[in-house]
Amino acid sequence: MPVTIKSPEAIEKMRVAGRLAAQVLEMIEPHVQVGITTEKINQLCHDFMVNEQKVIPAPLNYRGFSKSICTSVNHVVCHGIPNNKHLKNGDILNIDITVIKEGYHGDTSKMFYLGKPSIQGKRLVDITYECLRRGIATVRPGAYLGDIGYAIQRYAESKRCSVVQEYCGHGIGLEFHEEPQVMHYGELGSGIELKPGMTFTIEPMINAGKRHIKRLSDGWTVLTKDRSLSAQWEHTILVTETGVEVLTKRPEEDFSAIELA
């Protein structure tokens with residue numbers, strides 16, 4: 001499948017889907033408290049998406065996935081399935097939201113703290129967010145996909161963390177997963193050249209320990225092999241004529257000034 005360049009009409013629909021995905025994370029934040037279950041978080045998000053936003057939760061029944069969101073706790077890297085286990089003080093939690101509105105997808109995720117995080121947990125979450133920011137900062141026409149991965153890997157490893165290599169960002173639009181694949185490691189100047197109208201996700205998964213992972217028998221849940229903490233942040237972005245637009249940006253975020261040195 002070739003990389004699609006989105007039309008102005010498609011880009012506007014992507015903006016709408018991106019805003020709606022961001023709003024789900026804003027809605028759920030007050031509910032993310034010690035003692036809640038990820039199943040309850042899933043139900044609150046599902047009801048909000050379906051009843052209030054009138055959108056389709058993209059993960060639900062996607063290749064057999066049974067829930068409307070992904071919830072990944074502590075050493076779960078990604079694709080955690082909501083369940084009835086109560087969240088504890090000190091847990092770190094990724095909530096991954098993808099909505100479909102008028103056929104177009106908006107995909108984003110955010111890390112949350114339950115109660116007071118450990119020093120290591122907070123450090124990892126902060127480093128991972130900075131990896132996302134640095135990846136986004138490289139995006140502009142004429143840059144290359146490898147520049148994104150290089151910026152992320154360089155920063156993560158400078159902080160003695162590791163980058164998960166088996167899972168990556170992806171093109172997005174009418175399909176949940178389109179070309180290109182967006183690796184979170186790489187070399188400057190490698191991969192395809194970025195052009196205005198491309199839309200894709202950047203979603204680094206960063207481990208406090210080694211990068212190696214394993215997938216559980218449920219076919220979805222991915223863990224760190226050494227049981228170290230893992231964190232992830234994700235945004236859907238658009239390559240513009242002059243740089244980058246973060247389609248799933250939340251009000252508290254600012255991507256205008258990022259130092260890559």
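This tour moves through the structure one selection at a time and states what is found at each stop.

The model is predicted, so local features are described at pLDDT of at least 70 and side-chain atom pairs at pLDDT 80 or more, while totals for chains, interfaces and linings use all residues. Residues are numbered from 1 along each chain as its sequence is written, and side-chain values use heavy atoms, with hydrogens and water left out.

**Helix α1**

Begin by selecting residues 8–28, which form helix α1. Helices here are DSSP runs of H or I with at least four residues, strands are runs of E with at least two, and both are numbered from the N terminus. The 21 residues of α1 should span 30 Å at 1.5 Å a residue, and the end C-alpha atoms are 31 Å apart, which agrees. The expected span is 1.5 Å times one less than the number of residues.

Next, colour the buried residues of α1, among them Ala10, Ile11, Met14, Leu20, Val24, Leu25 and Ile28. Buried means under 20% relative accessible area, exposed means over 50%, and partly exposed lies in between, with a 1.4 Å probe and protein chains only. Which elements cover these residues of α1? The cover includes α2 (38–53), β4 (92–101), β5 (104–113), β9 (199–202) and β14 (235–239).

**Helix α2**

Move to α2, which has 16 residues and reaches 21 Å from its first C-alpha to its last, close to the 22 Å expected at 1.5 Å a residue. The buried residues of α2 are Thr38, Glu39, Ile41, Asn42, Cys45, Met49 and Gln53. Viewed down the axis of α2, these buried residues fall within an arc of 160 degrees, so they line one face of the helix. The arc is taken from the directions from the helix axis to the C-beta atoms. The elements that cover the buried residues of α2 include α1, β1, β2 and β4. Just after α2, select Lys54, which takes a positive phi of about 60 degrees.

**Strands β9 and β14**

Select β9 and examine its side chains: Thr199 and Thr201 point one way, Phe200 and Ile202 point the other way, and all are buried. Strand β9 pairs with β14 in the antiparallel sense over four bridges; two strands pair if DSSP finds at least two bridges between them. Opposite Thr199 stands Leu238 in β14.

**Backbone features**

Three further stops concern the backbone.

- Asn61, in the loop between β1 (56–57) and β2 (70–73), is a residue other than glycine with a positive phi, near 70 degrees. At 60% relative accessibility, Asn61 counts as exposed.
- Glu102, in the loop between β4 and β5, is not a glycine, yet has a positive phi of about 50 degrees. With a relative accessibility of 57%, Glu102 counts as exposed.
- Pro180, in strand β8 (residues 178–182), is joined to Glu179 by a cis peptide bond with omega of about 5 degrees.

**Glu166**

Now centre the view on Glu166, in the loop between β6 (162–163) and β7 (169–171). Is Glu166 buried or partly exposed? At 44% relative accessibility, Glu166 counts as partly exposed. Leaving aside neighbours within four places in sequence, Glu166 is in contact (heavy atoms within 4.5 Å) with Arg211 and Ile213. The side chains of Glu166 and Arg211 are joined by a polar contact of 3.3 Å. Such a contact is a pair of N or O atoms within 3.5 Å; within protein, one must be able to donate a hydrogen and the other to accept it, and residues adjacent in sequence count only if both atoms are side-chain atoms.

**Aromatic pairs**

Finally, display the aromatic rings, among which the structure holds four pairs. Tyr62 and Phe176 form a tilted pair, 4.9 Å centre to centre with 55 degrees between the planes. Tyr62 lies in the loop between β1 and β2 and Phe176 in the loop between β7 and β8, so this pair ties together parts that are 114 residues apart in sequence. Rings of Phe, Tyr and Trp (its six-membered ring) pair if their centres lie within 6.5 Å; planes under 30 degrees apart count as stacked, over 60 as edge-to-face and the rest as tilted. At 22% relative accessibility Tyr62 counts as partly exposed, whereas Phe176 is buried at 11%.
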